[in-house]
Amino acid sequence: MKVICIGRNYAKHAKEMNADLPTTPMFFMKPDIAILRPGNPFFYPDFSKEIHFECEIVVKIDRVGKNIAEKFAHKYYREIGLGIDFTARDLQKLCKEKGHPWEISKAFEGSAPISKEFIPKEELALDNIAFSLKQNGKIVQSGNTNEMIFNIDKLISYVSQFMTLKKGDLIYTGTPEGVGPISIGDELTGYIADKEMFNIRVK
Ligand code: MG
């Protein structure tokens, strides 16, 4: 399976990163071993001093498709989850400065925690999904899919031009503003509306 992550899909996050707004979606990928399954702690890696959380709505692809028209994209997913795109911000800065690939900052083992549950899309208003992340009980990020620059159907259509999407692939749809550092001992809890989707300990 593939993990596809969308960059800069919320205007306020682009601003906090001093980045321009994109005119087309941007994506990068993480390998399958980046997925951190529910119930597992995240072990703070030795290679970074600045791991940031980025809480993101995740779409699970459930049908094979290529060159999917935006109007048919809704047929390719049934469930919505929540995850974190952990980012080694210190390494990412270096990679950006040098123009190097940024996999060491984004695609490392355990960098993509995923929720234990997925919610059937019929139970959600897809263009108005409120989600949030608590760090040690305090809300640090809250977003809503109504703030996305490119909605889920646009993202699926765009990505599928370049690669076939397969059942089980996950699309992390970008983070809202409020990204910040984690520390050993932290508890990170994600919510869609009031429903707890994941709870991760940093060790
Ligand atoms: Mg992200």
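Which residue is the bridge partner of I51 in strand 7? In this predicted model, the partner is A88.

Strand 4 covers residues 51-53, and two bridges tie it to strand 7, with the two running antiparallel.

**The magnesium site**

Now for the metal. E54, E56 and D85 coordinate the magnesium ion, at 2.0 to 2.1 Å. Written along the sequence, the spacing of these donors is E-x1-E-x28-D. E56 and D85 bring together distant parts of the chain, as they are 29 residues apart. Both of them are buried. Here is where each one sits:

| Residue | Location |
|---|---|
| E56 | strand 5 (residues 55-61) |
| D85 | loop between strand 6 (77-84) and strand 7 (87-88) |

**A look at V3**

Finally, find V3, which belongs to strand 1 (residues 3-7). Is V3 buried or exposed? V3 counts as buried because its relative accessible area is 0%, and the cut-off for buried is under 20%. Leaving out residues up to four places away in sequence, V3 touches F28, M29, K30, P31, I35, L170 and Y172. V3 and K106 are 103 residues apart in sequence, yet their C-alpha atoms are 11 Å apart in space.

Methods:
Residues numbered from 1 in each chain as written. Predicted model: local features only at pLDDT ≥ 70, side-chain atom pairs only at ≥ 80, totals over all residues. Heavy atoms only, no water. Donors = N, O, S within 2.8 Å, 3.2 Å for Na, K, Ca; no water. Helix = DSSP H or I, 4+ residues; strand = E, 2+ residues; numbered from the N terminus. Buried < 20%, exposed > 50% of the residue type's maximum accessible area, 1.4 Å probe, protein only. Contact = heavy atoms within 4.5 Å. Pairing = 2+ DSSP bridges.
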